[in-house]
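Reader: I would like to learn how to read a model like this one, feature by feature. Please take a few residues and then the whole chain.

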Amino acid sequence: MTAYNDGSTSTIGAAYELSQKHRILILDGGFSFSICPNITVRHIYRRRNKIERLFFKLSEHISAIDENIWYGDWRDRIGEYDTVIIYDGIRSPSLIKYIRRRNQRARIIIYYYNTFTDKDRNAPHRYRDLGVELYTFDSVAAQKYNMNFKPYFYEHEQEATIALNKHLPIEYDALFFGSDKGRLGKVLELKKMLNTVGLTTKISVYANKRKHYSDQEKQFLVKGWADYSAIAEATSRSRAIIDIVAKGQAGLTLRPMEALFMRKKLITDNTAIVNYDLYAKDNVFILGQDDPGRLKSFVTSPYIPVREAILNNYRQETWLEGFFR
C-alpha cells in the first residue's frame with residue numbers, strides 16, 4: 001500500500017494479491033506494475049545500436065530473418081508465465097507465434113490504449129485468429145471490431161499528488177499539454193474562444209515530425225518530452241484541462257483521468273464522456289453541447305469532489321484485476 005500526504009490512499013494490494021496467484025508478463029507498457037512480485041514488465045524489443053536499427057527495419061520486410069533476435073531478455077523465461085499482456089506497440093503476429101511455440105498454456109491479451117486503423121501493424125484483424133484476447137480503451141472501437149471494452153487507468157497518481165501537495169498558485173485558467181496528432185488547429189480555436197471570454201490559457205504541443213507549421217503555430221510548440229512531474233506541476237497551476245480527441249474516438253485519453261485525480265475542471269470535445277462514471281456536469285464542459293455562455297463561470301467555479309469509489313475505478317490495480325474476474 002502506498003499512502004500520499006493529501007489524506008488519500010492508493011493501493012496496489014489487489015495487484016500484489018493477484019501476482020501471488022499468477023505469473024504475469026507485461027510487454028511495452030504498465031511499467032508501474034514492476035514493483036509487484038511475480039509481475040515482469042519489459043519492452044518487446046531490446047535496445048539496438050544504430051546499425052542494428054537498420055537491420056531491424058530490414059527484418060520486418062524479409063521473412064527469412066527471424067524477428068526474435070530483437071526481443072528483450074523476457075524471451076529466455078517466457079515458459080514461466082501463465083498470462084502475457086501486450087500493449088498495442090506490437091508490430092507483427094510473429095510475436096504471438098513465438099510465445100505460443102514456447103508456452104502453449106499462456107493466456108495472451110493485447111490491450112489497445114491508443115487508436116488504430118485497419119492498415120496499422122497492430123490492427124486487431126491481424127491477430128484475431130491467433131488465440132489472443134483483444135481489449136480496447138475505446139467503446140466505439142470495441143463494438144466496431146468485436147473487442148472487449150476496458151477503460152485504461154491513470155498511471156501518474158503519485159506524481160500528481162506530489163505536485164498538488166506543493167500548493168502551487170493558479171497561473172492560468174486552462175491548459176493543453178500533449179502531442180499534436182492533428183489537434184493543434186482545434187486547440188488554438190478553443191484558445192481563442194477562451195481568451196474572448198476573458199480566460200487565460202497555456203498551450204504546449206509536441207510537434208508532428210513531418211508537419212510544416214506556420215510561424216503562429218510554432219510559438220506553441222515545445223521540444224523534447226517533458227518529465228511527467230513537470231507536466232503535473234503545470235497542471236496544478238491551472239483551473240481546467242483541455243481535452244481534444246481524435247475524430248470518432250470515444251475512449252478516455254489521459255486528460256479526463258488527469259482532471260479526475262488532480263481535481264481540475266475538464267473542457268472536452270469527447271461527447272461519449274457522459275457514459276463514464278467520472279462525468280459530472282459541474283466538472284466537465286462538453287464542447288458543442290454545453291452552452292458557451294457559461295464557459296467562464298464553469299471554469300472559475302469550484303471543483304466538485306467525486307467519490308473515492310470512482311477514483312478506484314481508474315487505478316492500476318482495478319485495471320489489472322479486471323482481467324481475472
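Reader: Is Ile 24 buried or exposed?

Author: Burial is judged from relative accessible area, and the cut-off for buried is under 20%. In this predicted model, Ile 24 has a relative accessibility of 0%, so Ile 24 counts as buried. Ile 24 is found in strand 3.

Reader: Which residues is Ile 24 in contact with, leaving aside its neighbours within four places in sequence?

Author: Leaving those neighbours out shows what the fold brings to a residue. For Ile 24 the list is Asn 38, Ile 39, Thr 40, Tyr 81, Thr 83, Ile 85 and Phe 324.

Reader: Where is Tyr 206 placed, and is Tyr 206 buried or exposed?

Author: The same cut-off of under 20% applies. Tyr 206 is in strand 10, which covers residues 201-206. Its relative accessibility is 5%, so Tyr 206 counts as buried. Beyond four places in sequence, Tyr 206 is in contact with Phe 177, Gly 178, Ser 179 and Asp 180, and also with Val 222, Gly 224, Trp 225, Ala 226 and Ile 231. Gly 248 is 42 residues from Tyr 206 along the chain, and their C-alpha atoms are separated by 22 Å.

Reader: What does Arg 75 touch, not counting residues up to four places away in sequence?

Author: Arg 75 touches Asn 68, Ile 69 and Tyr 98. Arg 75 lies in the loop between helix 2 (50-59) and strand 5 (83-87). With 27% relative accessibility, Arg 75 counts as partly exposed, since that class runs between the 20% and 50% cut-offs. Distance in sequence and distance in space can also be set side by side: Arg 75 and Arg 102 are 27 residues apart in sequence and 9.0 Å apart in space, C-alpha to C-alpha.

Reader: Which value of phi does Asp 28 have?

Author: For Asp 28, phi is near 70°, a positive value in a residue other than glycine. Asp 28 lies in the loop between strand 3 (24-27) and strand 4 (39-42). Asp 28 is partly exposed, with a relative accessible area of 22%.

Asn 146 is another case, with phi near 55°, again positive in a residue other than glycine. Asn 146 is in the loop between helix 4 (139-144) and strand 8 (148-149). Its relative accessible area is 63%, so Asn 146 is exposed.

Reader: Now the whole chain. How many helices and strands does the chain have?

Author: The chain has 12 helices and 14 strands. Its radius of gyration is 21 Å, close to the 20 Å that the globule rule gives for 325 residues, so the chain is as compact as a globular protein of that length. Along the principal axes, the C-alpha atoms fill a box of roughly 60 × 45 × 35 Å. Buried residues make up 48% of the 325 residues.

Reader: What share of the contacts between residues at least 6 apart in sequence join residues at least 24 apart?

Author: That share is 64%.

Reader: And what about the surface and the charges?

Author: The chain exposes about 16600 Å², of which carbon and sulfur atoms supply 49%. The chain has 49 positive and 38 negative charges, and their mean positions are 4 Å apart.

Reader: What is the mean pLDDT of the chain?

Author: The mean is 91, and 93% of the residues reach 70 or more. Over residues 1-11, however, the pLDDT is below 50, and this stretch has 19 contacts in the model beyond near neighbours in sequence.

Conventions:
Residues are numbered from 1 along each chain as its sequence is written. This is a predicted model: local features need pLDDT of at least 70, side-chain atom pairs count only at pLDDT 80 or more; totals for chains, interfaces and linings use all residues. Side-chain values use heavy atoms; hydrogens and water are left out. pLDDT is the predictor's confidence in each residue, from 0 to 100. Contact means heavy atoms within 4.5 Å. Helices (H or I, at least four residues) and strands (E, at least two) are DSSP runs, numbered from the N terminus. The radius of gyration is taken over C-alpha atoms; the globule rule is 2.2 Å times the number of residues to the power 0.38. Buried means under 20% relative accessible area, exposed over 50%, partly exposed in between (1.4 Å probe, protein chains only). Accessible areas come from the Shrake-Rupley method with a 1.4 Å probe; for residues, only the protein chains shown count as cover. Lys and Arg count as positive and Asp and Glu as negative; His and the chain ends are not counted. The place of a charge is taken as NZ of Lys, CZ of Arg, CG of Asp or CD of Glu.
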